[in-house]
Every structure is written in structure tokens, then in C-alpha cells.
Amino acid sequence: MIRRRGGRTAMNLVGIAVALVMAFPVYWMASTALKPSGDILSTTPHVLPFPLTLEHFHTAVTRPFFLDYLRNSLVVVLAAVALSILTAAPAALAVARMRWRGRRAYLLLIILAQTAPLEALLIPAFLVLRDAGLLNRLPALVLTYFMVTLPFTIWTLRGFVAAIPVELEEAAMTDGCTRLGAYRRVVFPLLAPGLVATSVFAFITAWNEFMFALVIMQEQDKLTLPVWLATFRTAFGTDWGGTMAASTLFTLPVLVFFLIVQRRLVAGLSAGAVKG
Amino acid sequence: MRPVTTTSQAAPVPAPVTTPPGRGPAGPVPAPPGGGRRRGGWLPYALVAPSVLALLVLLGWPVVRDVAISFQRLGLAELVQRRTVWIGLENYREVLTDPFFWTVVVRTVLFTVVNVALTMALGLAVALLLAAVSRGVQIGLSVALVLAWAVPPISATVIFQWLFDTQFGIVNQVLTGLGLDFADHSWFATGVSTFGVITALVVWQAIPLVALSLFASMTSVSTELYEAAAMDGAGPWRRFTAVTWPAVRPMALVLTFLSVIWDFKVFTQVYGIRQGGPNRETVTMALYAYQKGIGSREFGTAAAISVIMMLMLTAGLAWYARMMVRSAEEEQ
């Protein structure tokens, strides 16, 4: 027993050390963003951001075009997520609840689309959008992010629908609901949390996307936030405070969303384990 | 996530392959009352039609275009004049006889092997650690993992540039503080060292998904199995190989596979750190296609590289897709 307790303490110490290492880069970003420049460009590290300052955040948001980039990112991402959910929800219903010829092939198509190496489609996507006269226009990115998020949105929603016990619909139909009525009144309300979690994940994916935005949007006022962030350092020289403030601003919404939905999403994906 | 999927490392967790079937293997798949197959047989097709159309147009068409372009000469001149010049296998011949292409292929494969091995080994170690620590530490460690997982890759890239900054980076300061000669050491002077930073960055963000998923499958093992093993005199290593590993193996396989895909085609982190520098020494396949196409406007050659990339990933993809479809079928 004593040996085991000693082992547990050692394990706890290792666990704490690993947690600190894993969290450190995030901490260092926020800490740098909040420190006065003198403490950042110093040969001895200042571990705690004291005294605090918000000057770097001010620098970041008053950079030219910041509001344009924020608007571009929000418009593109929200439009793509809306399109994705509207297209995916009916498909998820069909896949999880109905039997039809070609269902298996459809599932295969979704999985292939989800794992498709989008990095290999950069060149043709650029040329197709160029032919369509869509370069440097927001709809180009909306369509791209719709394509990027659709497969896993369908796949994830399928899991959430499958987790809703069929018996509930059957009961509703016994009570005189039509089939579509049962979907609308029983399945949809139960699916709402799944829809939120899936939308949030699609949002994060599109919000983070860098490669297509880099190639498709090249005019100065048409960039999205990730591309702005990547070019920030070049524009700023060694203003690490400003860079980290920009990075914090960009990261914060994702962290908040992620912490909220992470558990639910993992639960939804292991769907089917729900007992009826 | 990613993905997810997806393109991003923040892709959601894949559905576990071992998901218990919802209503037992013996039970027939419940045909919805009202008879989905008899009446309204068109309904499912109407429901999936928009998504099929979207995928064919937005995903299928670029793939077709990519293959077509790989057989054309398409530079800036042809692009502006909207001319189509078919040149057969010329692009492939050019790519496959270019020694730099083979350097890039070998480099990309090596990068993938090293990153996947590190990700899986460290991820498994952290999963075992999660199982071994007390409740409070477990929660703290999980939160730290989710934090590292959630950071957008482009932010992570910027953060790592700052951590490894030559003059004021904390890494150099700490190493110097430990008595090592790292004052003003440049991490980005050579390709190998730059790859070291990229690997640290990629693995740091990939560990959480692996650790949390493996830990989740470990917790599904009943404690009685461990107790029985311990009673039979099995030491910690034997308990791991005989009880833990068989339970996590299917999940570990899926995660290994996903990591191979993600690391093989990684773009954001490699581009973000040094755009393939110094001296093109960290150019990987995804970056090479980008530089040929968007950089040098040799779209035909770039398309050929993309096709080769897709072919290299296809074999593995087929295996993975079959496994995922099977697990989805079981859930119904």
C-alpha cells in the first residue's frame, strides 16, 4: 500500500509537470500580450505579466483594416456554417433514420470527402474560382468553407440523430403524428444541442482556415483574420506584444467555444451507446 | 479539430470503431413505421440530394479539373489567353525526373513518420498518465490538453515563433539559464532545426486528441480485469500488454491513420513557420505544390504534384473509409 501511495504521488507530480508544459504556450501568449514592451524584450524572462497593460491590444485593433478583416472572417464563416447545417441536417436524417438503396455508397462518399486531402485541391480550386471571376470575393471563401465543413457536419449530425431513440418517434406516430410531423416535433427539439455543437465545430474549422484564404483573397482589404495574423509579424518587425495580442484576440473565441462544446461533441460522436 | 476534420487539427474525435451497436446485432434494423421503403421511397433521396450535388460540384469538380490540368501546359500565358494545351504525361515526366521532387517526397515521408510516432507514443504515455493520477490532477491535465488542442494552428505557429525567438525567446533563455550555450541561438538557421520546431508544434497540438481518446477507451475496461490480472501475478507491463493494449488497439489504429493523413499533407504550420525556408530545406509536398502553382504559376506541374499526393494517400483512405462505414452501419 505504502509503495502504491508513493507511486501515486510521483505520478501526480509528473501529471502536473505535463499539464504545465502543455498549457505553457497558451499562457505565454496571453502573458506576453499583457506585458509592457520593456518586460517582453528583456533578457530575463518575466513570468508573470505584472504590471499589466492593454496597450498591445490597442495597437492590434487599431491596425489598418482590422475591422475589415474581422468582418470578412465573420461573414464568410457564418454564411458557410449556415449553408452547411441547412444541407447536412436533412441528409443526416436520411442516413440515420431511413433505409434506402445507395445509403452505404453515400456514407462512403461522405467519409472520402471528409478525409480528402484538401491541400491537394488548392491549385484546381484556385483555377476554378479564377475562371468564375470569384478571386478576392467573399462568396469564393463561403463556397470553399462550405465544402470544407460539409462532410464532417453530415457525419457528426448523423451520430446525434442516431442517438435519439426511435421509440420516441414511434410513440408520436402512434399518437397520430405524421412521419414528418414526428421529425419536426420530436427529433428536431432533441437534436438542437447537437445542431449547436456541430455548428460551433464548423465555425471553429472555418474560422481557423488559413491556406485557402491565403491563396484566394490577396487584395489588402479582403484578407481574413488568420492571414492577417500570419503577416502580422512581418508588418510589425519585433513587436511581439502586438503579435501576441492579435493572436490572443483571434484565439479567445475559439477557446471559449471549444471548452463549451468539446465534451458534448465527443459524447455525440460516441452516439449509439445511448440506451433506449 | 479537422478534421475534426478535417483540415484542421481541431477536427472532432472520430466515432469510436468499437461503438456498441444500439440494439444488439440480432435485432433487425428498425424500418420506420409507415414503411420508408414502400411509401415515400423518394424521400431519403430528396433529403441527401443537396449534399450530393454540393460535394460533386465543390469537391468532385476540382478533382476532375486537377487531373485534367496535370495533362496540360498551363502557365501564366495559357491562363491569360484561356488556351488549353494538352501535353500528355510531360508534367509527370518533369516532376518525376526532378531530383528536388524526390528530396521533398523523402522529406515529407520522414516528417510524417517522425511526427506520427512521436504523437502516438507521447499520446499513449499521457493517456496512461491520466489513468494513473488522482482526480484533481486528472481534471487539471485534461483542461491543459484541451487548451493545447483548441488553439488555432495559425496562432500556435505564431506562438512557437515567439517561444523560439533568437534574441528574446523563452526557450533560449531557459536553456541558457540551465547553463547551456543557447544565448542568441537561431533555431531557424538549418532545415533540421526548423523541422524540430515544426515537429514540436505539430506534436504539441496532436497529443491531446490521441491522449483523451485513448484514455476514454481505457476507462471502458472494467477494473475487475485488472484485479484478476494482478491476482494472477501480472506486473504493470504484463497488465498493460494483456489488458490495456487490446482494449485501446482499435482506437489507436484509427488515430494513427488519421495522424498519417494530417501530418503528410500539413501546410499551415510549415508555411507559417518559415515558408519552407531556410533555403527551401523545409518544403514538404503540400508546400511544393503551392510554390509551383501559386508561386511560379506552373499550374500544370503543380496539378501533377497534387495528383501524386492524392494517389499516395488513396490506398490508406480506402481502408479507413471501409472501417468507418462499417462502424456506422453497426450503430443503426
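**A walk through chains A and B**

Let's start with the overall make-up: chain B has 13 helices and 2 strands. Keep in mind as you look around that this is a predicted model. Of the 332 residues in chain B, 42% are buried.

Now turn to where the two chains meet. Chain B puts 97 residues into the contact, and chain A puts in 96. On the chain B side, the helices that each supply at least two residues are helix 1 (43–69), helix 4 (99–132), helix 5, helix 6 (153–163), helix 7 (170–177), helix 11 (268–274), helix 12 (285–295) and helix 13 (299–331). Helix 1 of chain B gives the largest share of that side, with 17 residues. Sorted by class, the side of chain B that touches chain A holds 71 nonpolar, 19 polar and 7 charged residues.

The crossing of helix 5 of chain B with helix 8 of chain B is left-handed.

Which residues in helix 5 of chain B meet helix 8 of chain B? From helix 5 they are Leu145(B), Val146(B), Ala148(B) and Trp149(B), while helix 8 brings Trp204(B), Gln205(B), Pro208(B), Leu209(B), Ala211(B) and Leu212(B). By class, that contact has 9 nonpolar residues, 1 polar residue and no charged ones.

Next, follow chain B to the loop between helix 9 (223–231) and helix 10 (236–264), where Ala234(B) sits. Leaving out residues up to four places away in sequence, Ala234(B) touches Ala229(B), Arg239(B) and Ala242(B). Phe299(B) is 65 residues from Ala234(B) along the chain, and 60 Å separates their C-alpha atoms.

Finally, hop over to chain A, where Ser37(A) is part of helix 2 (residues 37–40). Ser37(A) has 16 C-beta neighbours inside 10 Å, so this residue counts as partly exposed. From Ser37(A) to Arg185(A), 148 residues apart along the chain, the C-alpha separation is 57 Å.

Conventions:
Residues are numbered from 1 along each chain as its sequence is written. Chains are lettered from A and ligands numbered from 1 in the order in which they are written. This is a predicted model: local features need pLDDT of at least 70, side-chain atom pairs count only at pLDDT 80 or more; totals for chains, interfaces and linings use all residues. A crossing is left-handed if the near helix is turned anticlockwise from the far one by less than a right angle, and right-handed if clockwise. Helices (H or I, at least four residues) and strands (E, at least two) are DSSP runs, numbered from the N terminus. Two residues are in contact if their C-beta atoms, placed from the backbone, lie within 7 Å. Ala, Val, Leu, Ile, Met, Phe, Trp, Tyr, Cys and Pro count as nonpolar, Asp, Glu, Lys and Arg as charged, and the others, Gly among them, as polar. A residue is buried if 20 or more other C-beta atoms lie within 10 Å of its own, exposed if 12 or fewer, and partly exposed in between; C-beta atoms are placed from the backbone.
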